[in-house]
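Open the structure in your viewer and keep the selection tool at hand. This tour goes stop by stop.

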Amino acid sequence: MSICSECGGKCCKHFPGIFHTEDFQDVEKEYDPKIMCLDFWEGEYEDTGVRQPYFVRMRSVKDGDRVANGLWYGECANLGKRGCKLPRKRRAAQCNQLVASADGNCTIPDKYTKQELVRAWLPYQEQLKKIRER
Ligand code: SF4
Ligand code: SF4
């Protein structure tokens, strides 16, 4: 049995994975509200002058039918009884980049931390606002 099967998806039960901009060719066309949700960084992002920038993550059971939700903690809505219901290519970068560890200390490469992923989304705020207003 794999490390993740044994664990049963603790990461997925705590927070849904965040997408990288590189997961999309055109986020406005490919955004799928059935499995994704907009989230936002609380307050100003570092010293950029950008307040509450949006980013895209997997949908959580706590989102209900909200288009955007500032989530601190919540199980991914795509988690089934036997693990993730989605094929790898439909999962967020953070889902695919998490490095499993049998001792529970799973790690994420620097490029895929929440802070860095939100930074990647900064140039896409107009597209994400259009999704927000649909
Ligand atoms: S990445 Fe880590 S927390 Fe997530 S399912 Fe695998 S072992 Fe569990
Ligand atoms: S999409 Fe799948 S792998 Fe990613 S957080 Fe949700 S259940 Fe876990």
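A residue counts as near a molecule if its C-beta atom, placed from the backbone, lies within 6 Å of it. Keep in mind that this is a predicted model.

**Stop one: ligand 2.** Select ligand 2 and show its surroundings. 13 residues surround it. Which are the closest to ligand 2? They are C12, C76, L79, C84 and C95. Now colour the shell around ligand 2 by class. Nine of its residues are nonpolar, three are polar and one is charged.

**Stop two: ligand 1.** Around it you will find I3, C4, C7, G9, K10, C11, L98, A100 and C106. By class, this shell has seven nonpolar residues, one polar and one charged. Next, highlight the helices. α1 (3–7) and α2 (10–14) each supply at least two residues of the shell around ligand 1. Which element gives the most to this shell? α1 does, with three residues.

**Stop three: R132.** Is R132 buried, exposed or partly exposed? R132 counts as partly exposed because 13 C-beta neighbours lie inside 10 Å; buried would take 20 or more, and exposed 12 or fewer.

Now show the contacts of R132. Setting aside neighbours within four places in sequence, R132 is in contact with L38, Y54, V67 and A68.

Finish with a distance. Pick the C-alpha atoms of R132 and N105. These residues are 27 residues apart along the chain, and their C-alpha atoms are separated by 35 Å.

Key: Residues are numbered from 1 along each chain as its sequence is written. Chains are lettered from A and ligands numbered from 1 in the order in which they are written. This is a predicted model: local features need pLDDT of at least 70, side-chain atom pairs count only at pLDDT 80 or more; totals for chains, interfaces and linings use all residues. Ala, Val, Leu, Ile, Met, Phe, Trp, Tyr, Cys and Pro count as nonpolar, Asp, Glu, Lys and Arg as charged, and the others, Gly among them, as polar. Helices (H or I, at least four residues) and strands (E, at least two) are DSSP runs, numbered from the N terminus. Two residues are in contact if their C-beta atoms, placed from the backbone, lie within 7 Å.
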